[in-house]
Structures are given as structure tokens and as C-alpha cells.
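Hello,

Here is the structure I promised to pass on. Please have it open while you read, and my notes follow below.

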Amino acid sequence: MRVAVTGATGTIGREVVRQLHERGDEVIAVSRDPETAGMEAMSWDAIDLSGCDGVINLAGSPIDQRWTDKGKQRIRDSRIDSTRRVVEALRSADPRPRVLVSQSAEGIYPRGTPPIAEDTAPGSGFLSEVVQAWEATALEAEHLGVRVAVARTGVVLSRAGGALPKMLTPFKLGVGGPVAGGDQPFPWVHVSDAAGALIYALDNEQVRGPLNVVAPDKHTNKTFTKALGRAIHRPTVFPVPAAAIKVLYGEMGSTVLEGSNPDPSKLQNLGYKFKKPELEDALRDETS
């Protein structure tokens, strides 16, 4: 296949590109700076998806930044505007790619402990509102006859970026611990599966609409904390109070203090086999 990938140099994007290349696909990145992308690339200013078989859309500014007014605008615009540009490029492509797999997030869901399927009504708040608009923009491509899947991904575990490297510093210093009691769900997925599920959706005609991309091994913040401590042989006896998270992160701290519990049954029933389904194995892989 010839696959266009936006966000190809990000944490998930690099793994997507690696897996696509490993199986012999041709990858073209969509980049702000094609000269430094390190692979065949086209500019956002001149997207031409003609002749591509599919598109994987991963563009977006990191969620884990302080949610100032400017930060919120950056988070929102980087996702919705880039996805809109992809849909417009699909509209003008000839021949047109047959599938768009667009990144999304479990942040769309209500916070709480009950298992959540893809047909659950969205939650409230800034992150949920952004994700709803992000998905709606991607799903506009269905009107062009393009199959669309949106991957509602949990916390991605990767030594190369994202949440895990930030967590490791206090843990390695021996001051890691559960946050705000630690009873909130911690939906996680290994980077190989975050990428693998996207590619599975790219390949399989039956994969449409929203798809929870989280590991089947369920954990709370507390049990995740204990597993991470075991993986790096450090104690986890210093609980982090909610007030400290609010001071450190502001409104963005709500993503740490609260959790949701997406159910990956749809992905599994569609036939996807997780490469790293168990947390202990996933953490050893990324911390050893």
C-alpha cells in the first residue's frame, strides 16, 4: 500500500511508519518541514493524496501541556484544522484514498469506573468537546465515499515520548506514588498496539467509526503505579495529593485525577490481537 501519514514524527507516528515499512508499504509523511522529515514527505501547504491507498491522521499538539487560553486554542486548532485539511485533500484527490484512520482519544468519554463501549454518550468539559469536534471533522470524509475509523486511544506507553518518560523521573528518584488515592481507572496501551490497531483499521473493511484502543488488562492509577515501581525496582510509597496535581498542571490535571474505562471488546471482536496485552510485560519492554 501507499499510505500518507500526518504526525509521522510523533511518538505513535514513528511506530506506525516503522510497522508499515517493516511489512513493505510505501509511506509518505505530511509535514510542516518535508526537508527534515527523514522520509518521503509532502508539505501541509501542498497536500496531494491522489494515488494513496489510505491515510493515517495523527497530527495534533500534545494534550499534556498547561491549559492556558492559548494552549487550549493550540490543542483544538492543531487537531481540527489539520483534520479538515486532510478531508479537503481527500475531496480533491484523484484517485481518492479508500480509507481514513484518524487519531482520537478516550477523553471523549464521561469520567468514571464503569466499562464504556463506543456507543456511550460523550462526557463534558474541554477535552471531550475537542475530541467530539475532532471526530466529527474526520467523519465528514464518509460523505466522499471514504471509509473512516477513529481510534479512541488511552495513555500510550513508550520510552520515546508521551506520558511514560515524564512519569519515570520521580519514580527513579524513589518518590513515585498513586495520585489522589489512585482508584481512578488508568486506560493504557503499549505503543506497538497503538500503532498496530491503526494499521489494522487501515487494512480491514469491517472497521468503521469509533474504536477503543486500550489494552484489555485493566488497571487503576494505584495498580499501574505499583507495576511501574516493580518494573524499575523503585518504591511507590509517596502518594501524590490532588491539590499538588492541580497546582502543577492547572485544569489539565483533571486528566490525571479522573479516568475513564473504555472497553476494547469491539477491537478484539474485529480480530485484532494485542502484541502487549499485559501491563507488566509492556512496562518491562519500555523501561528495561
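Which residue in E5 does Gly54 stand opposite? Gly54 stands opposite Val99 in E5. Please keep in mind that this is a predicted model.

Strand E5 (residues 99-105) pairs with E4 in the parallel sense, over four bridges. Strand E1 (residues 2-6) also runs parallel to E4, and four bridges join the two. Here Gly54 has Val3 opposite it.

Now to the nonpolar residues. The largest nonpolar core holds 33 residues, and Val5, Val16, Leu20, Ile56 and Leu198 are those with the most contacts inside it. Elements giving two or more residues to this core include E1, helix H1 (11-22), E5 and helix H5 (191-203). H5 supplies the largest share, nine residues.

Val16 is worth a click: leaving aside neighbours within four places in sequence, Val16 is in contact with Val5, Ile56, Leu58, Ala195, Leu198 and Ile199. Apart from this core lies another, of 22 residues, with Val55, Ala59, Leu90 and Ala141 among them.

Happy viewing, and best wishes

Conventions:
Residues are numbered from 1 along each chain as its sequence is written. This is a predicted model: local features need pLDDT of at least 70, side-chain atom pairs count only at pLDDT 80 or more; totals for chains, interfaces and linings use all residues. Side-chain values use heavy atoms; hydrogens and water are left out. Two strands pair if DSSP finds at least two bridges between them. A nonpolar core is a set of buried Ala, Val, Leu, Ile, Met, Phe, Trp, Tyr and Cys residues joined through side-chain atoms within 4.5 Å. Buried means under 20% relative accessible area, exposed over 50%, partly exposed in between (1.4 Å probe, protein chains only). Contact means heavy atoms within 4.5 Å.
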